[in-house]
Each structure stands twice: as C-alpha cells, then as structure tokens.
Amino acid sequence: MTSGQTIPQVRLGATGPMVGVQGLGAMGMSEFYGDTDEAAARDTLDAALEAGVTLVDTADIYGRGANEEFLAPFVAAHRDEITLATKFSVVRTDDPSYRAVRNDPAYIKSAVEGSLRRLGVDVIDLYYMHRRDPAVPLAESVGAMADLVREGKVKHLGLSEVTGQELREAHAVHPIAALQSEWSLFSRDVEQSAVPAAVELGVALVPYSPLGRGFLTGAFADASKDLAEGDFRRSQPRFSGDNARRNAALLEPVRSIAAAHDATLAQIALAWVQQRAAVHGLAVVPIPGTRKRSRLLENTAAVRIVLTDSELDLLEPIAAQVAGSRYSDMSLTSVAREN
C-alpha cells in the first residue's frame, strides 16, 4: 500500500499545536542504527513535509548535538510549516557507554541554550524532559521548564518515560502537551498508568519506536547476527539469540493481517498504534524513524488502514508474550518507578 495523500492532523494537548497524526523521529539520521546517508535523509525530510508529517523529533543526545545541527537547514527553510520537538536531560561523554541524567534547573537552562543554538531557532515548539531523575523534585524541573515558556524560549512542554502519577504532578505545575514513551505491539508498559493519566488530563501520546526499532517490520531477525557492530539494537535483549527467535514467531498474526490488507508488516504495526487513539480516547502521534523516502511514504499510508475488531483481538496478546526487556538497563524507564 502506497500513498500520495496528505495525512490528517490532530492537536497536541488541550492548547498545543496542530500536527500531522504521524510524526518523524530523526534520531537514526545521525547515529545508533548503522551508517547514515545525509542526502537520503534530507530527501526523507522533504518527503515527510509533502506527506503532511509536521512533527519533527530530535534530542540533544542524538549524535551529541549533531542531529540538531543536521536538522537546522531544514528547520530554517520550513520554520512555519513544522512543529519542532527536542529533548534534554541525558548526558553523554566521549565514553560511548556512559549515560547520566540531569533534571536540575541550572542544567535545564543551560541545555535549552545549546539546543536553540544548534537548531538555529529563537524558540522550540515542544521541549521534552527526556528522562526523569527521581533525585530532583519534579516540581523543580517542570518549574524551570515553565520559566522557559515565560521567557519565550519554548512554546509547549513534554515529558518522556514518566508514570501516570508523575504526569499528573507535572501537569499541576504547568500544562503538559505531550508524553513520549515507547508504545508498540511489543511494548505496552505505558498503558499501566500513563495512558489513563493522559486521557484524564488531555495530554497527547507520542509513541517512540512504534515499529519495535525495525524488528516488527521484519527488517532483521537477530540483531547480533544481522546488524553491524555499533548498532544500538545489538544491546537490546529482546532482539538477539533465543529472545529474538521467540519474538519472531509472534509476528505471524501480523503477517496474516498484512496479507489481508495488502499491506506491509510496518503498516499493520503502525495502524495498531494509530488506533490506540480510538481505543483509549486520546490523541496519538507515533514518530517512526526512517532515513528513506520510500519508507516514509509506506509509514504514512498506514494512517488509512483500519483494523477490524477481530484483527485487534489477534494482536492483543502479543506484548505479554515478548521475551526480553526493552533495554539491558531499565532503570531510566517509567516501569522502574511504577508502584
């Protein structure tokens, strides 16, 4: 199934911007998923805008700022046509295995200046806290983010990988437009408490990795064998060895449904995520990442696939059967803080 049509729009939060019902994750255009092709990536950005994909998502951690710099020319050329989202809080060094999280107000005020400079903009449309540091009171962090709104450096606030209770606490300090968390046929942790809270508060859900980092598309069967050294997915437990073999078998109902719709596995996986909007009654804007125009068009065509109740029933049990965790270290995810 292909598409030359423009996708519809939805609002992020009660007073947030209108965006296409599918966004674009730009992370892989700089690193994490093997070699990159800058020309192809820039062509993909153009294709996204042509298709009505207006939410473009990055973070200061991606390429240690390189992804924001890569996006700057595209942003400058289309500033009034896109909703620009970036994230702060994950700190990296020259040690590729090092990760730290900072949510303190001083760091937030410094981080936003760096993102504004690299992106070449005066204001960021949607500014997310990428990960939560429980040692810093959430009210302090969101309060500092709210200051950025008052200063005109940020328009709307978002959070990533927080629990329902944390979302409520943050929203009481300043309205939250969007919650970004992993949500896919393989990952449904977010439904435990965050989705009900988002429905209650009118917060949009922005699912990252809606295609299971490519595994749900059949792009690879075993990360340790099929993907190059340095590919981030080689470190994720569910994508290698016995876990990968068990999880590959879970794709069979996805394949049968895809055949019935003359669609790809990716399109069925995305259609499932898109239909969470109707199932739960909230705005859902997945941000699949791709570096190819053809994949971008394939992904956006998924918004016009409607899965039947019987098809949804076939897909329902998959997540509970997935072998292996999302990350080798789950301490920075919302699951680690669920009561």
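Let's start with the aromatic rings: a search of this whole predicted model turns up three aromatic pairs. Rings like these are described by how far apart their centres are and by the angle of their planes. Here are two of the pairs:

| Pair | Type | Centre to centre | Angle between planes |
|---|---|---|---|
| F88 and Y127 | tilted | 5.1 Å | 35 degrees |
| F215 and F239 | stacked | 5.4 Å | 25 degrees |

Where in the chain do F88 and Y127 come from? F88 belongs to strand β5 (residues 83-88) and Y127 to strand β8 (residues 124-129), so this pair links distant parts of the chain, 39 residues apart.

F215 sits in the loop between β11 and α7 (223-226), while F239 sits in the loop between α7 and α8 (241-249), so the pair ties together parts 24 residues apart in sequence. Both F215 and F239 are buried.

The charged end of R276 sits over the ring of W272, 4.1 Å from the ring's centre.

Back to the strands. β5 and β8 are part of an open sheet of seven strands, with parallel pairing and the order β3-β4-β5-β8-β9-β10-β11. At its edges are β3 (24-25) and β11 (204-208), each pairing on one side only. β3 pairs with β4 (residues 55-57) in the parallel sense over two bridges, and L24 has V56 in β4 as its bridge partner.

Terms used:
Residues are numbered from 1 along each chain as its sequence is written. This is a predicted model: local features need pLDDT of at least 70, side-chain atom pairs count only at pLDDT 80 or more; totals for chains, interfaces and linings use all residues. Side-chain values use heavy atoms; hydrogens and water are left out. Two strands pair if DSSP finds at least two bridges between them. Helices (H or I, at least four residues) and strands (E, at least two) are DSSP runs, numbered from the N terminus. Rings of Phe, Tyr and Trp (its six-membered ring) pair if their centres lie within 6.5 Å; planes under 30 degrees apart count as stacked, over 60 as edge-to-face and the rest as tilted. Buried means under 20% relative accessible area, exposed over 50%, partly exposed in between (1.4 Å probe, protein chains only). A charge sits over a ring if NZ of Lys or CZ of Arg is within 6 Å of the ring centre and within 35 degrees of the ring normal.
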